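This report walks through a few parts of one protein chain. Please look at the sequence and the structure before reading on.

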Amino acid sequence: MTEELEHVKCLIIGSGPAGYTAAIYAARADLKPVMITGMQMGGQLTQTTDVENFPGYPGGVMGPEMMEDFRKQAERFGTDIRFGYVSSVDFTGPVHKVVVDDTKTILADTVIVSTGASAKWLGLESEQKYNGFGVSACAVCDGFFFKNQDVAIVGAGDTAAEEATYLAKLCNKVYMIVRRDEFRASKAMEKRVLNTANIEILYNSETQEILGDGKNVTGVRVINNKTQETKDLNVTGFFVAIGHKPNTDIFKGWIDMDETGYIITKPDSTATNIPGVFVSGDAQDKIYRQAVTAAGSGCMAALEAERYLAALEDSE
């Protein structure tokens, strides 16, 4: 007896703003989409506090709450949402083979990739040694554990600025380690950091070592890349906010992507080099990386998948 393979019209991989929006549009188009959520259901926004720039929430909204709204809306129109991860793909033929949780194979006429991106790390051995014991890539997840303590955060972009101000509300002091002599963050976020009294910015500085007692973080050694002077900061928490890497490794060898791993789409389209495979959100967007642009590209991907399927039916 051979396993009877499940065949679906539209398979969505990932469950952030892009994936959920694609699901809403695909479901309303009667594509009966199946969504594989990934291990972080709801994507990066589940690790975010206040979202103030998404239309329709005039008072702002918490990231997890917003993603729950997205999920409910996708389910309302009939999206089949399944918790799990895609372990491999085979895009050889016109029907796409996708293996879920290393065990179940789904055949899909169209695939919408919405796998997003994950946090980057510095690459220090001590960083991994103390990961979960004082080292974190998510201030929202772990900031509470460092209430009224001194912490450090490395990064200079919007995410680092947002997380530094979040930590400043909980912690006694926040050291912000900035590699250059300026921020990469927007002026609004930079102003917010500069106006927060308990954030101390260390410009032209890099993390040399995370210090600990063998169990937990006790400090961080910082080096000034201009003077080569080092100093130890007495902190109990160390947060990394230096950017993200697209979660696209399982598509390597199948879908065209740039050197970083961002998927390349055709001009003015979400279509990839594989017919019937589309991509939306942070898996392909290294410029804007906003929830609203991810959602917009999810809409585009679903509309293009619908048109692709309609064209297939017309040709039969």
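## A partly exposed loop residue

A residue is called buried when its relative accessible area is under 20% and exposed when that area is over 50%; anything in between counts as partly exposed. The model discussed here is predicted. Val95 has a relative accessible area of 29%, so Val95 is partly exposed.

Where does Val95 lie? Val95 is found in the loop between β6 (86-90) and β7 (96-100). Setting aside neighbours within four places in sequence, the residues in contact with Val95 are His7, Leu107, Ala108 and Asp109. Pro275 is 180 residues from Val95 in sequence, while the C-alpha atoms of these two residues are 9.6 Å apart in space.

In soluble globular proteins, nonpolar side chains tend to be buried together. The largest nonpolar core in this model has 27 residues, and the members that touch the most others are Ile12, Tyr20, Phe54, Met66 and Ile112. Two or more residues of this core come from each of β1 (6-13), α1 (17-28), α2 (63-76) and α7 (291-315). The element that gives the most is α7, with six residues.

Phe54 shows what such packing looks like in detail. Not counting residues up to four places away in sequence, Phe54 touches Met66, Phe70, Ala291, Val292 and Ala295. There is also a second, separate core of 23 residues, and among its members are Ala161, Leu170, Cys171 and Phe239.

## A parallel sheet

Five strands make up an open sheet with parallel pairing, in the order β10-β17-β11-β12-β13. The edges are taken by β10 (135-136) and β13 (199-202); each has a single partner strand, so one side of each has no neighbour in the sheet.

Within this sheet, strand β11 (residues 150-154) and strand β12 (residues 173-177) run parallel and are joined by five bridges. Ile153 stands opposite Met176 in β12.

## An antiparallel sheet

A further open sheet has three strands in the order β14-β15-β16, and here the pairing is antiparallel.

Strand β15 (residues 217-224) is joined to β16 by four bridges, and the two run antiparallel. Val220 has Leu233 in β16 as its bridge partner.

Definitions and conventions. Residues are numbered from 1 along each chain as its sequence is written. This is a predicted model: local features need pLDDT of at least 70, side-chain atom pairs count only at pLDDT 80 or more; totals for chains, interfaces and linings use all residues. Side-chain values use heavy atoms; hydrogens and water are left out. Two strands pair if DSSP finds at least two bridges between them. Buried means under 20% relative accessible area, exposed over 50%, partly exposed in between (1.4 Å probe, protein chains only). Contact means heavy atoms within 4.5 Å. A nonpolar core is a set of buried Ala, Val, Leu, Ile, Met, Phe, Trp, Tyr and Cys residues joined through side-chain atoms within 4.5 Å.
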